[in-house]
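User: I would like to learn how to read the features of a protein model carefully, taking the general idea of each before the particular case. Could we work through one example together?

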Amino acid sequence: MEKIVMESPLGEITIAAKGDKLIFITYGEISGKNTQSNVLLAAKKQLEEYFEQKRTSFDLPLSIEGTSFQKKVWEALRSIPYGETCSYQDVAIKMDNPKAVRAVGQANRKNPFPIIVPCHRVIGKNKKLIGYAGNQTDKQQYLLSLENSSNSVN
């Protein structure tokens, strides 16, 4: 595993890759070999552009590993438009599995690509922020505020 650590408004973010694909992103720094590979530099650049409100979506090669259900949830998350939110129940309904609200929450919690696969856009059906990155709803609030304050990004 190779990694790069970047500073962000949310603190340090570690971006990890194997070969030419990203394998995960996490808040904080983890052990691993620091490198400047093309895929890591591209991910860092795109995240910086996101935080600068110059980017609304990501175009990065992801190695997504998980159960078929988790992958379906993560794909559904990628369809939530920039600056918008939906509930866990909305995601379950979108997947034609309306009773899977808790399972959607668990898959959301295991998302290996926060920000890139926008799990921060999923909120409680009561419109409250719940369960982001464990219980780091301050990060979720920051990301939602960032997206809602930008008007003209590409």
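Analyst: What follows goes through strands, helices and a few single residues in turn. This is a predicted model, in which local features need pLDDT of at least 70 and side-chain atom pairs count only at pLDDT 80 or more, while totals for chains, interfaces and linings use all residues. Residues are numbered from 1 along each chain as its sequence is written, and side-chain values use heavy atoms, with hydrogens and water left out.

User: How are paired strands read, and to which strands is strand 1 joined?

Analyst: In a regular strand the side chains alternate between the two faces of the sheet. Strands here are DSSP runs of E with at least two residues, helices are runs of H or I with at least four, and both are numbered from the N terminus; two strands pair if DSSP finds at least two bridges between them. Strand 1 (residues 2–8) runs antiparallel to strand 2 (residues 11–18), to which 7 bridges join it, and a hairpin of 2 residues connects strand 1 with strand 2. Within this pairing, Ile4 stands opposite Ile15 of strand 2. Strand 1 is also joined by 2 bridges to strand 4 (residues 33–34), with the two running parallel, and there Lys3 has Asn34 as its bridge partner.

User: What feature does UniProt place at residues 4–64?

Analyst: The unreviewed UniProt entry gives "domain: Methylguanine DNA methyltransferase ribonuclease-like" for residues 4–64; such positions are given in the numbering used here, feature names are shortened, and annotations may be inferred rather than shown by experiment. In the model, this span is 23% helix and 36% strand, and its end C-alpha atoms lie 19 Å apart.

User: Which residues of helix 2 are buried, and why are they on the same side?

Analyst: A residue is buried under 20% relative accessible area, exposed over 50% and partly exposed in between (1.4 Å probe, protein chains only). In helix 2 (residues 68–78) the buried residues are Gln70, Val73, Trp74, Ala76 and Leu77. They cover an arc of only 155° around the axis, so they fall on the same side of helix 2, where the arc is that of the directions from the helix axis to the C-beta atoms. Ser68 and Glu75, on the other side of helix 2, are exposed. The buried residues of helix 2 pack against helix 3 (88–94), helix 4 (101–109) and strand 6 (122–123), contact meaning heavy atoms within 4.5 Å.

User: How is the packing of helix 2 and helix 4 described?

Analyst: Two packed helices are described by the angle between their axes and the distance between the axes. The axes are lines fitted to C-alpha atoms, for helices over the stretch in contact, and angles run from 0 to 180 degrees between N-to-C directions. For helix 2 and helix 4, the axes come within 9 Å and cross at roughly 80°. Helix 2 is therefore roughly perpendicular to helix 4, a class that covers 65 to 115 degrees, whereas angles under 35 count as roughly parallel, over 145 as roughly antiparallel and the rest as oblique. The contact involves Phe69, Gln70, Val73, Trp74 and Leu77 of helix 2, together with Ala103, Val104, Ala107 and Asn108 of helix 4.

User: Is Ile115 buried or exposed?

Analyst: Ile115 is buried, with a relative accessible area of 2%. Ile115 lies in the loop between helix 4 and strand 6 and has a positive phi of about 75° although it is not a glycine. Asp96, in the loop between helix 3 and helix 4, likewise has a positive phi, of about 60°, without being a glycine, but Asp96 is exposed, at 70% relative accessible area.
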